[in-house]
Amino acid sequence: MPDIPLTTLFLLCLAALAAGWIDAVVGGGGLLLLPALLLGLPAGTPAAHALGTNKAIAIVGTSGAAVTYVRKTKVDVGLAVRIGVAALLGSSGGAFLAAGMSTDVLKPVIMVVLLTVAAFVIARPAFGTAPATGPAGPRRVLAAIALAGVGIGFYDGLIGPGTGTFLVLTLTAILHLDLVTASATAKIVNCCTNFGALVTFAWQGAVIWQLAALLAVFNLIGGTVGARTALKKGSGFVRVVLLTVVFALVTNMAYEQWLS
């Protein structure tokens, strides 16, 4: 366990709690937790340790949210796992290429995509608020596996931030799910990708297990409460949180690209 002041440790616990809630509702909790870890860990701590610890924390909160969703709403677990396996493979490919590719070139493109998505969601108030239309046909399933699985999984391995948000948007658009069901499905997919990443980081010895265990408790509480909030408030509430997270993601990327 690194030597972290109690005040900093308290703030990290709050960040883990809030990140779990955000991630359960619409994805994007890593936007809060990862920067908090990078700032809170002692100077000189390798960035890989922050990334690995973040994955160890996130998989607990994501799993708690996924269990809550599955118990409380109708989720096609089989389809979610198939997309998750594809995302695991995609993220492995993205991580393999990440070492030799500058993500600074891609970030402006991602920001434009996010702003376009935000404009679409604002212009279409009914997006994701209608009830799910029932089982998707084979073509939509294959499209979801290709785009939400391989495509967004690849993005997760290559860049990372906002993966959960992209999953929710893509699953809503392709499978015609409401935002709550899309969030539930995304949590199961996230469990698969987080597990793959965690195994890699653990094998490299880049996980601070004692800190991860403590913060995972708060992340689990946040994730469970977040899932229950989304189920109680419905798709309209998730839509507001979605737009908030999208704009936060764009702001974060813009700061890293041009101001940091």
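Tutor: Let us begin with burial, where buried means under 20% relative accessible area, exposed over 50%, and partly exposed in between, with a 1.4 Å probe and protein chains only. This is a predicted model, in which local features need pLDDT of at least 70 and side-chain atom pairs count only at pLDDT 80 or more, whereas totals for chains, interfaces and linings use all residues. Residues are numbered from 1 along each chain as its sequence is written, and side-chain values use heavy atoms, with hydrogens and water left out.

Student: Which residues of helix 10 are buried?

Tutor: An α-helix has 3.6 residues a turn, so residues three or four places apart point the same way. In helix 10 the buried residues are Ser235, Val238, Arg239, Val241, Leu242, Leu243, Val245, Val246, Leu249, Val250 and Met253. Helices here are DSSP runs (H or I, at least four residues), as strands are (E, at least two), numbered from the N terminus.

Student: What span should the 25 residues of helix 10 have?

Tutor: The expected span is 1.5 Å times one less than the number of residues. For helix 10 (residues 235-259) that rule gives 36 Å, and the end C-alpha atoms lie 35 Å apart, which agrees.

Student: How should I read the contacts?

Tutor: Contact means heavy atoms within 4.5 Å. Among contacts between residues at least 6 apart in sequence, 82% join residues at least 24 apart. Ala19, in helix 1 (residues 6-26), touches Gly29, Leu32, Leu33 and Asn219 when residues up to four places away in sequence are not counted. Ala19 counts as buried, at 2% relative accessibility.

Student: Is Ala143 buried or partly exposed, and what does it contact?

Tutor: Ala143, which lies in helix 6 (residues 138-158), counts as partly exposed at 28% relative accessibility. Leaving aside neighbours within four places in sequence, Ala143 is in contact with Ala148 and Ile174. The C-alpha atoms of Ala143 and Thr170 are separated by 9.8 Å, although the two residues are 27 apart along the chain.

Student: Where is Thr172, and which residues does it contact?

Tutor: Thr172 belongs to helix 7 (residues 163-175) and, at 4% relative accessibility, counts as buried. With neighbours within four places in sequence left aside, Thr172 is in contact with Phe127, Gly128, Leu177, Asp178, Leu179 and Ala182.

Student: What is the phi of His176, and where does that residue lie?

Tutor: Most residues other than glycine have a negative phi, and most peptide bonds are trans. His176 has a phi near 55°, a positive value in a residue other than glycine. His176 is placed in the loop between helix 7 and helix 8 (179-203), and at 33% relative accessibility it counts as partly exposed.
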